[in-house]
Amino acid sequence: MARPSGHWAAAWLAVAAVLLLSAPAATAQDCLSASFSSGRSFLRCNSLPVLGASLHWTYHPENGTADVAFRAPSGSNGWVAWGINTDGARQMAGSSVFVASQDGSGAVSVLQTVLESTSPSLNNGTLKFGVPVAPAAEYSGGAYTIYATIALPGNSTQQSTVWQAGPLSGGSIAPHPTSGANLQSTLSLDFLSGAGSGASNSRLHRRNIHGVLNAVAWGVLIPLGAMIARYLRVFESADPAWFYLHIACQCSGYILGVAGWGLGLKLGSESKGTTYQPHRSIGIAIFCLATLQVFALLLRPDKKNKYRLYWNIYHHAVGYSVISLAAVNIFKGLDILKPASGWKTAYIVILATLGGVALCLEAITWVIVLRRRRRDADKAPGHCSNGAGWQHQP
């Protein structure tokens with residue numbers, strides 16, 4: 001059983017890696033496979049790095065215009081916006097934007113406005129670039145799509161694009177959040193080549209690394225190690241292989257988790273005035289509990305020691321607490337990063353699969369344990385095969 005057990009653990013790690021690493025591919029696929037109403041189609045697309053948005057366009061070099069479709073998720077009580085900062089600055093102030101929202105009856109409209117400051121008047125007016133065709137917008141499937149044809153400012157394909165999302169208040173456009181992803185929604189985009197670079201791509205990359213490290217460590221390796229300890233130990237031929245597999249998963253998970261946790265602290269220290277307190281507090285709690293588990297190994301009593309039972313209770317309680325808190329915190333992290341749906345879907349699939357396998361193994365191992373107990377009872381001294389029982393001899 002030891003050899004199959006090793007293959008089983010390796011297979012799970014491979015499945016987890018494929019699902020997590022395929023999330024960026026899913027993001028690209030979401031962009032390329034998007035469909036639009038009225039038979040519209042676009043030659044290029046870019047899955048924007050934040051707010052779950054995407055930009056689709058067709059550039060016409062003969063007249064320097066571009067047909068654009070901007071799509072971003074939002075509730076029906078929210079608004080989304082996309083535009084260009086003609087000054088070349090990577091900021092909302094000074095940008096010419098299209099804002100899509102809907103009224104109480106569900107009618108969607110597009111506002112064209114220049115954001116003269118960080119507290120704009122939002123008056124409908126003329127933009128700083130040409131708009132040959134009147135813009136349009138629609139709301140479907142929990143997302144707004146803005147359609148526009150624009151004359152690229154300065155007849156240049158390199159433009160500083162901006163986008164945003166926020167709530168409605170009393171049917172009017174209300175200020176968007178001033179933290180996290182809402183402060184990172186800028187991209188320098190080449191409408192000819194499709195290449196783009198964000199103002200905070202390096203930081204966003206580190207945030208993604210932080211998320212992947214913690215998802216793999218606390219969300220995959222640690223639960224997998226716990227499953228190995230709970231279920232493989234039932235198979236007599238897997239002893240002591242299950243123990244070493246358990247230690248390998250837990251130590252690997254702890255090392256990767258601490259690396260991700262440290263990167264998270266570093267990112268937090270760089271975000272002055274922006275603190276995701278619940279996510280941060282749960283992360284610190286996970287680190288402390290996991291570190292206690294590591295040091296508790298040094299104090300593990302012998303199997304025959306009368307304190308071993310209490311140590312086991314402590315070990316299991318802390319371990320399952322770490323797994324539960326990690327699952328909650330990973331979802332909180334995904335809500336903060338707001339990646340494309342592929343990332344959250346990948347983690348949900350991993351959780352569901354681990355849970356399903358655990359339920360199956362729980363049933364299988366209980367059957368094995370009960371049969372073993374019955375077999376041991378049959379072999380007990382004084383047991384009669386005819387079921388008549390036994391009598392104590394003086």
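## Salt bridges

Let's start with charged side chains: the structure holds two salt bridges. Keep in mind as you look around that this is a predicted model.

Arg230 has a relative accessibility of 40%, so it counts as partly exposed.

Lys344 and Asp335 also form a salt bridge, and their closest N and O atoms are 3.1 Å apart. How exposed are these two residues? Lys344 is partly exposed, with a relative accessible area of 31%, and Asp335 is partly exposed too, at 43%.

## An open sheet

Now find the strands. Five of them make an open sheet in the order β1-β2-β3-β8-β7, with antiparallel pairing. Which strands stand at the edges? They are β1 (44–47) and β7 (133–140); each has a single partner strand, so one side of each is left without a neighbour in the sheet. From one strand to the next, the twist averages 15 degrees.

Strand β2 (residues 54–60) and strand β3 (residues 65–73) run antiparallel and are joined by seven bridges. You can trace one of these links yourself: Leu55 has Phe70, in β3, as its bridge partner.

## A buried glutamine

Next, look for Gln293 in helix α5 (residues 277–296). Is Gln293 buried or exposed? Its relative accessible area is 13%, and buried means under 20%, so Gln293 counts as buried.

What does Gln293 touch, apart from its neighbours within four places in sequence? The residues in contact with Gln293 are Tyr314, His315, Val318 and Gly319.

## Two loop residues with positive phi

Finally, here are two backbone angles to check. Ser38 has a positive phi, near 60 degrees, and is a residue other than glycine. You will find Ser38 in the loop between α2 (23–32) and β1. With a relative accessible area of 71%, Ser38 is exposed.

Asn155 is not a glycine either, yet its phi is positive, at about 55 degrees. Asn155 sits in the loop between β8 (143–151) and β9 (158–169). The relative accessible area of Asn155 is 55%; exposed means over 50%, so Asn155 counts as exposed.

Methods: Residues numbered from 1 in each chain as written. Predicted model: local features only at pLDDT ≥ 70, side-chain atom pairs only at ≥ 80, totals over all residues. Heavy atoms only, no water. Salt bridge = Lys/Arg side-chain N within 4 Å of Asp/Glu carboxyl O. Buried < 20%, exposed > 50% of the residue type's maximum accessible area, 1.4 Å probe, protein only. Pairing = 2+ DSSP bridges. Helix = DSSP H or I, 4+ residues; strand = E, 2+ residues; numbered from the N terminus. Axes fitted to C-alpha atoms, helices over the stretch in contact; angles between N-to-C directions. Contact = heavy atoms within 4.5 Å.
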